[in-house]
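User: Can you walk me through this one? Keep it quick.

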There are 2 protein chains.
Amino acid sequence: MEKLTEWNNCSRPHVIEWIEQLKDIVWDKVLTCLTWMRPSWRLHLGHYKGALENWVKLQNNPNIKNNFLIADYQVLWDHLWDTDRLRSSVIDMVIDWLAVWLDPEKSNFVIQSYVPEFAELFNLLTMFTPYGVATNNPTLKDEIKKIENRWEWENSSISLWFVNYPVSQVADIMLPYWEIVPVWEDQIPHIELARKIIKKVNTMYQTNFPLPLAMISETPRLVWTDWSDKMSKSLWNTIYLTATLKELKDSVNKMYTDPGKTNVQAKWNIENHVVFKYLDIFYSDKQHLEELKRRYIEWWENSVWDWELKKLLVKILDELISPIREKREYYKDNMDLVINSVERGSQNVREIWQQLLSELKEKMGIVGYGREFIK
Amino acid sequence: MEKLTEWNNCSRPHVIEWIEQLKDIVWDKVLTCLTWMRPSWRLHLGHYKGALENWVKLQNNPNIKNNFLIADYQVLWDHLWDTDRLRSSVIDMVIDWLAVWLDPEKSNFVIQSYVPEFAELFNLLTMFTPYGVATNNPTLKDEIKKIENRWEWENSSISLWFVNYPVSQVADIMLPYWEIVPVWEDQIPHIELARKIIKKVNTMYQTNFPLPLAMISETPRLVWTDWSDKMSKSLWNTIYLTATLKELKDSVNKMYTDPGKTNVQAKWNIENHVVFKYLDIFYSDKQHLEELKRRYIEWWENSVWDWELKKLLVKILDELISPIREKREYYKDNMDLVINSVERGSQNVREIWQQLLSELKEKMGIVGYGREFIK
């Protein structure tokens, strides 16, 4: 058993498997954790399984102090013409958070743009980041590829903000003294960049900003209900946390299942069977699930039909979503609680982060010019 | 005669010749002016003639409200390892300002890093700036060329900050509601960029940020005393505002003069004669100067010798510098006045600029998320 304070040093791998791995560690201090989400649209089951459910675990761990960041700048840059939608996405997202039992009394809900210290630190960090390193980030390269031709003004297709954004994320990490960063695997380069920049700052100014550990989620990304490559709002190929029972039934009924099932001679397989994919993730009775799978690929007399599986999935998902739905309604009728959660959370952290930023500026030597001459 | 408020619209050229041209305008409102200087080293006569002397004129114009910006970020990015020098440069520069009669009671002395609102606005403005436009700025391209190989970390020679810097300058312009911008001719592309971005913001959010006019200085850049291409601290080829009489004499004595002068057969010419270049700029008795030039290029019996010209120049420059020198000493003994000037100036503008920034964020729709749902 290793002490937590010894865990994070430069020589060991700085990627760990989700929170389970932390069980082997002696909690000799409280960890700070900041996770973020983009308020880009309504939250769906993928957000729930991939993030929110784990956030609730984090929140219930007394050794972790959680800050949940609403990364509005990460949506704003691409929605300058349409901030009304950003506004409703922010509020919808916070309501969803509250509805899945994230608790603003235990954790801070922080809106990025409510904390100007981020921008100030970000501006400083760009000085520590070689231009080449910033633009070499693979996530950025991929994203640049994706968004080409989407944004057009003069001859350029992307904004300067987008090139800066990995560094602005490092500011998001650095200020809250982030130590554990729950991320998807493809976000690891961001954490690598953060570690490089933070090391540089620590070396130059004898500061103690922690080097963040990436914590990989154990949950695979959910497939879309139509087995397509990406979410499509127009195709409604995902299930939102706001789904009514009817929407839930519609979505599940349209789910892609094994095409071989229509051919009695074919060997049943469940590789591309979306309903089973969802059951894998959401059905807790694993024994029964194995039995269903066995019967599904067996000879047809004893078989399970798609409609039975779908009915089961609807039942399971509705058990999950209906309390969320109810809590959403409660918070929609009590908007002051929603607004208060983010305003108070942002204010709470600002006080601490202002302090951290001043200390950094002090060590850098860019505060109180001339005061050294006064006896 | 045109009213000032009608002067600045998009269809007319937005570059004017120094402040003289503003005489033809009816001053129907007070103009805001923000000029900046980089605290990179001690100020020399070039700064005095190219900027400070004009700043004093601006300050004495009751129709102009002046803010003088100490652009410390513009030096910091390249001096992260050496902020002690930045600190002393800042203070030396402010003392020089005070010593040439800039008055913190009339104008605001503002330190860039004391006003976090700049960083916040800068971060927003990067969203409005296409990456291509930001990196196409000719001044930036030139500067990138100049600094290549100077900054090395991993494979990159310049920092991300440097690529951002024209946009960070737009934030410096935009927040103070800049209307007139005294600049060198090579800085005009910065003003063009500012106008583009500000127009974009004004159009999108019905804001009224003024489009800044570039105001070109009437004074040519001073040549270096050794007629070389650039200032060199090791060669001492410039005359600092801190120069003692002895340093002044040494500098003037080393000044490059016409090499033909040593050959009696050659026709005297004054084209590369540094002493005359300085007299052109600093000697107010133009009639006498013309006479000296005439005699210098005439036949030798009636001629003026270099030592006479140099003696005259030393006298003139000492008349200029000695009161500055004395005032410097006074402020060095009263550092609280120096510190107070920048702390109060920065605080004065922060209050106004916080207000401007909140108004912008309000119009953009990124404040008070959810408040629209509360009756």
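Analyst: Contact first: two residues are in contact if their C-beta atoms, placed from the backbone, lie within 7 Å. This is a predicted model: local features need pLDDT of at least 70, side-chain atom pairs count only at pLDDT 80 or more, and totals for chains, interfaces and linings use all residues. Residues are numbered from 1 along each chain as its sequence is written, while chains are lettered from A and ligands numbered from 1 in the order in which they are written.

User: What does Ile70(B) touch, leaving out residues up to four places away in sequence?

Analyst: Met37(B), Pro39(B), Val90(B), Met93(B), Val94(B), Phe109(B), Val110(B), Ile111(B), Gln112(B) and Val342(B).

User: And which residues touch the most other members of the largest nonpolar core?

Analyst: Ile70, Val94 and Leu125, in both chain A and chain B; that core has 193 residues. A nonpolar core is a set of buried Ala, Val, Leu, Ile, Met, Phe, Trp, Tyr and Cys residues joined through C-beta atoms within 7 Å. Buried means 20 or more other C-beta atoms within 10 Å of the residue's own, with C-beta atoms placed from the backbone.

User: Switching to H14(A). Why is the distance between its end C-alpha atoms as expected?

Analyst: Helix H14 of chain A has 30 residues (335–364), so at 1.5 Å a residue it should span 44 Å, and its ends are 43 Å apart. The expected span is 1.5 Å times one less than the number of residues. Helices are DSSP runs (H or I, at least four residues), strands likewise (E, at least two), numbered from the N terminus.

User: Where is the kink in it?

Analyst: It is centred on Arg350(A), at about 25°. The bend is the angle between axes fitted to the seven residues ending there and the seven starting there.

User: What do its buried residues pack against?

Analyst: Strands S5 (64–70) and S6 (108–111), plus helices H4 (83–99), H5 (116–125) and H13 (306–332), in chain A. The buried residues of H14(A) include Val338(A), Val342(A), Val349(A) and Trp353(A).

User: What follows H14(A)?

Analyst: Gly365(A), with a positive phi near 85°.

Note on methods:
Buried ≥ 20, exposed ≤ 12 C-beta atoms within 10 Å, placed from the backbone.
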